[in-house]
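Trainee: Could we go through this model together, one topic at a time?

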Amino acid sequence: MSQTLSTQMAATVRASNQGLELVDKARNRKGWNKTEQAWADIATTSKATLRRFWGGINIQTEAFRAICEAVGIEDWESIADFEAKDDAPSKVYEKRLSFAIAGSIEEIDKQKLDAIVALLRKLGGDAEIEILDIEEGSVKLTLGGSEKALHRLQELFDSGGLQEVEGLSVQGVHLLTKEEIIEPIKNKTNYGQNLIRADLIGVHLFQADLFQADLREADLSGANLREADLRQADLSGVNLHEADLSRAHLFQAHLFRAYLFRAHLFRADLRKANLREADLSRAYLNEVNLSGADLHRTIVNRTQFINTQGISAEDKFLLIQGGAIFKDSPNSPDRVLVSR
């Protein structure tokens, strides 16, 4: 089938310590700070993604390459840490912890952040605590880990036992509610937000701005994402069971192995979307635009395609073989062209 977006391009990558040193020299020659707006604009990314880049957090490969090239480094692969894999557990984080420390992203480098995470893992008793996002002001880290470990860190701070990490003052620690997690989305204050493995079951995100957001393996089952901007968002492995994606903007979205069982996709824009190995069983696709979409090994058992645009004759034949049902209109009988 069509393969406009490869799985390789959907992968994520992080910077190595040595690579960051090279990028630091390159951006200093340009007179840029670490989250320079001009840099983000040239790389067609966000300042939030730049912060993750400097924190050694995995970001989309396309964004990583664009960040390097924008600062004059063509050999972006020399900056990447291919030995470090994104080996965090494939589980939804029911709790997230906001951890604010004194300083700025200009002052705190990746090695310092690594040391902070190592200490918090020890204090929390959880070797899988990780930084999911970085915000500015003071440096505010969003941490993921076991609920028990995050509660322990909260209690340590509240009791006065966690006032400093690696010589930096701890300014605030609190567990985030689901409402606090999605508030920046609704208020459009955190472009390119990192919501990897977030518990977002049933959230209401009508017309939400999720452009380039990282939603890998998040649970959005039953969520209202009508008219949401999910262009270039990473939805790999996300749970969208019975989610409403009517009129959602999913241009170039990464939906590799996403679970879309019974999802509602009325008039969704899926042009150039990566749907490789996604499960669309019993999903409803009415007037959906799939021009240039990668449908390789997409599961389409009893999936309804009604007045769908952009599907080649070859892809249509293979989809019907896989169990898809094509209709000319919502009221017309099913046209199963190939027996199963």
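Trainee: What covers the buried residues of helix 4?

Mentor: The cover includes helix 2 (17–30), helix 3 (37–42), helix 5 (61–70) and helix 6 (110–124), together with strand 2 (59–60) and strand 4 (130–135). Helices (H or I, at least four residues) and strands (E, at least two) are DSSP runs numbered from the N terminus, and contact means heavy atoms within 4.5 Å. This is a predicted model, where local features need pLDDT of at least 70 and side-chain atom pairs 80 or more, while totals for chains, interfaces and linings use all residues. Residues are numbered from 1 along each chain as its sequence is written, and side-chain values use heavy atoms, without hydrogens and water.

Trainee: And how many residues of helix 4 are buried?

Mentor: Seven of the eight residues in helix 4 (47–54) are buried, meaning under 20% relative accessible area with a 1.4 Å probe, protein chains only. They are Ala48, Thr49, Leu50, Arg51, Arg52, Phe53 and Trp54.

Trainee: What follows helix 4?

Mentor: Gly56 follows helix 4, and its phi is positive, near 70°.

Trainee: New topic: at what angle do helix 6 and helix 7 pack?

Mentor: Helix 6 and helix 7 (147–158) pack at about 95°, with their axes 8 Å apart; axes are lines fitted to C-alpha atoms over the stretch in contact, and angles run from 0 to 180 degrees between N-to-C directions. The two helices are therefore roughly perpendicular (65 to 115 degrees).

Trainee: Which residues meet there?

Mentor: Leu120, Leu123 and Gly124 of helix 6 meet Ala149, Arg152, Leu153 and Leu156 of helix 7.

Notes: Buried < 20%, exposed > 50% of the residue type's maximum accessible area, 1.4 Å probe, protein only. Parallel < 35°, antiparallel > 145°, perpendicular 65-115°, else oblique.
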